[in-house]
Amino acid sequence: MTTVAEAAIATTDDERLVSGLTEQLVADAPPKDTPTREFLGAQFDRGLAWVHFPQGDGGLGLSPRLQELVDTRLRAAGAPHASLHNPIGFGMGAPTVVTHGSTAQKDRYLRPLFTGEEIWCQLFSEPGAGSDVASLATRAVQDGDEWVVNGQKVWTTLAHLARWGMLVARTDPEAPKHRGLTYFVVDMHGPGVEVRPLRQMTGEAEFNEVYFTDVRIPDAERLGGVGDGWHVSLTTLMNERVSIGGGVMPRGGGPIAEAVRLWDARHKGSNTVEDRVLKDRLAKLWIRAEASRLTNMRARQNRSMGTPGPEGSVGKLAFAELNQKIYELCIDLLGLEGTLYGSYAMVRPEHAGFGTDVRKSFLRARANSIEGGTSEVMRNILGERVLGLPGEPRTDKDIPWSQVPRS
Ligand SMILES: Cc1cc2nc3c(=O)[nH]c(=O)nc-3n(C[C@H](O)[C@H](O)[C@H](O)COP(=O)(O)OP(=O)(O)OC[C@H]3O[C@@H](n4cnc5c(N)ncnc54)[C@H](O)[C@@H]3O)c2cc1C
């Protein structure tokens with residue numbers, strides 16, 4: 001049995017290894033002078049992309065806690081982060097491929113995903129299946145070594161830039177809804193895939209509708225077994241919550257820094273009743289942001305190998321509610337200027353999420369309590385799977401999907 005002292009030495013060795021490799025990376029590929037993709041490729045090849053992934057797949061087979069060492073050092077050196085250009089691939093595609101993919105799939109997908117050469121999108125939601133995504137209706141029918149897919153997905157972030165999509169489709173309508181699904185990687189540039197923009201209240205269209213008409217997917221691009229799609233999807237969904245709400249900013253960083261900046265620039269030193277109320281709101285939100293940051297830090301430290309658990313919903317829920325409150329305060333700090341919005345011109349953005357204008361961030365933050373699972377659904381998960389409260393009634397759980405009434 002390993003003693004506490006031995007465990008401490010083992011951890012120290014791993015830390016030394018990771019720190020040494022990171023220093024070597026910074027020396028061999030100085031981040032500020034190395035093109036982004038080249039730098040990220042060098043990071044991947046040294047096993048510093050996701051240190052907990054196996055060697056050869058962008059990792060070193062070490063504890064995920066050690067990634068913090070890499071990220072902190074690279075951030076200080078001004079290095080690019082892979083999640084910026086390819087957030088869905090980085091945070092959700094990669095863990096799904098590494099957990100369920102074949103050796104050929106891991107070799108083919110992980111490196112270009114990390115370098116941002118190939119963007120990924122998530123094809124789960126449909127017009128009739130969002131919170132209850134297991135009820136989805138897009139069909140995949142096997143034809144020899146291929147599957148033929150027909151159906152429609154919606155709210156597909158970055159589909160207009162994506163090369164690959166994580167697709168869940170119904171392969172057995174006679175099985176109960178969770179058991180008749182299969183998971184595929186689909187070529188978004190293939191024949192029969194049509195991507196149409198959907199505009200958001202920011203004016204931008206960062207997400208899309210995606211139509212599949214007789215799209216052919218080789219069976220080799222299936223992730224996991226036939227009928228095992230729900231199980232594979234859970235890996236994506238659990239990682240989605242952590243990737244949206246589990247980030248650890250520097251203290252006082254992120255959205256709350258915007259609010260403090262606006263306070264300092266426009267209200268500092270004033271002692272009017274209105275400003276004292278605004279200051280009180282700012283102080284309360286700063287404390288909540290710090291509590292949320294520390295909670296995420298603790299969750300990251302406790303995280304072991306494998307798929308994150310339902311506790312990832314804590315960070316996702318807090319992130320959504322806090323962002324909305326902080327950006328509401330920012331608009332109040334701006335006063336009437338808060339109502340001046342640059343332009344609602346339709347833009348197809350290169351990135352999803354917040355920008356540099358707090359007015360845009362205020363509008364964009366409204367989606368935080370919907371995307372990646374709504375706040376109501378996060379509360380259900382926490383109630384049932386973390387607190388052990390009774391589950392809500394699920395009347396369609398055990399009957400064939402084909403017999404479930406739907407509109
Ligand atoms: C900005 C943005 C980006 C997105 N990107 C993607 C993407 O890339 N890929 C993708 O597949 N999807 C994406 N989505 C879709 C997102 O996952 C869904 O919108 C979300 O899961 C909710 O589904 P829905 O919109 O169908 O709402 P519904 O499920 O119809 O919910 C409607 C309302 O009912 C509530 N509700 C539903 N069920 C319950 C319940 N059991 N208990 C209590 N309340 C309930 C919900 O909380 C909500 O308030 C994105 C959404 C947004 C806003």
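The structure holds 29 salt bridges, a salt bridge being a side-chain nitrogen of Lys or Arg within 4 Å of a carboxyl oxygen of Asp or Glu. This is a predicted model, in which local features need pLDDT of at least 70 and side-chain atom pairs count only at pLDDT 80 or more, while totals for chains, interfaces and linings use all residues. Residues are numbered from 1 along each chain as its sequence is written, and side-chain values use heavy atoms, with hydrogens and water left out.

| Pair | N to O distance |
|---|---|
| Arg73 and Glu23 | 2.7 Å |
| Glu118 and Arg108 | 2.9 Å |
| Arg379 and Glu321 | 3.0 Å |

Let's take the last one, Arg379 with Glu321. Arg379 lies in helix 12 (residues 375-386) and Glu321 in helix 10, so the pair ties together parts that are 58 residues apart in sequence. Helices here are DSSP runs of H or I with at least four residues, and strands are E runs of at least two, numbered from the N terminus. Arg379 is partly exposed at 43% relative accessibility, and Glu321 is partly exposed too, at 27%. For these labels, buried means under 20% relative accessible area, exposed means over 50%, and partly exposed is in between (1.4 Å probe, protein chains only).

Leu322 is buried, with a relative accessible area of 8%. Leaving aside neighbours within four places in sequence, Leu322 is in contact with Leu285, Arg288, Ala289 and Ser292, where contact means heavy atoms within 4.5 Å.
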